[in-house]
Amino acid sequence: MHIFRILSILLIVISCLLTLILFPSLPDEIPTHWNIHGDVDGTAPLIPGLFLLPALMVGITLMMSLVPRYDPKKAHYKEFQGAYDGLIFLINNFCFMLFVITILWSL
C-alpha cells in the first residue's frame, strides 16, 4: 500500500474521531458557507453538516479505489499508482481542512 493511501485513511480516521469527540460540544447549527468577507451566510443542522465531509472523504476514497478495477486499461494504473494515490490524498486533505475550519468556527 502506497504512503499516500495510508495518509488518506489516517485523515479519514482522524476526522471520524474528531466528529465523535466534538459532537456533544458543538451547537445545533454549524456553518457550511462563508461569503467573500468571511461572514457565515449558510448553516446546516449539526448531524448532516458534521458528518457530510467525513462521509464524502470515505466515498471519494472508496470510489477512486474501485475505479481501477473496472477500467479496461487497468494494467496502466500500476505505472502511476503513486500519483493516483497522491490525488486521492490531496482531495481528502482538502476535505479535511474544510472539516477542521468548520469545526473550529463552530466552537
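Let's start at tryptophan 34, which is partly exposed, with a relative accessibility of 24%. Keep in mind that we're looking at a predicted model here.

Who is its ring partner? The ring of tryptophan 34 pairs with that of tryptophan 105: the centres are 5.6 Å apart and the planes sit at 75 degrees, so this is an edge-to-face pair. Tryptophan 34 belongs to strand β1, residues 29–34, while tryptophan 105 is in helix α3, so the pair links parts that lie 71 residues apart in sequence. Tryptophan 105 is partly exposed too, at 46%.

How many aromatic pairs does the structure hold? There are four. Another one of them joins phenylalanine 4 and phenylalanine 89, with ring centres 5.8 Å apart and planes at 25 degrees, so we call this pair stacked. Phenylalanine 4 is in helix α1, residues 3–22, and phenylalanine 89 is in α3, so parts 85 residues apart in sequence are tied together.

What does asparagine 92 touch, if we skip neighbours within four places in sequence? Its contacts are Ser8, Leu11, Ile12, Met57 and Thr61.

Finally, glutamate 79. You'll find this residue in the loop between α2 (46–70) and α3 (81–106). Glutamate 79 has 64% relative accessibility, which is over the 50% cut-off, so it counts as exposed. Its C-alpha atom is 15 Å from that of serine 65, a residue 14 positions away along the chain.

Note on methods
Residues numbered from 1 in each chain as written. Predicted model: local features only at pLDDT ≥ 70, side-chain atom pairs only at ≥ 80, totals over all residues. Heavy atoms only, no water. Helix = DSSP H or I, 4+ residues; strand = E, 2+ residues; numbered from the N terminus. Buried < 20%, exposed > 50% of the residue type's maximum accessible area, 1.4 Å probe, protein only. Contact = heavy atoms within 4.5 Å. Phe/Tyr/Trp six-rings, centres within 6.5 Å; stacked < 30°, edge-to-face > 60°.
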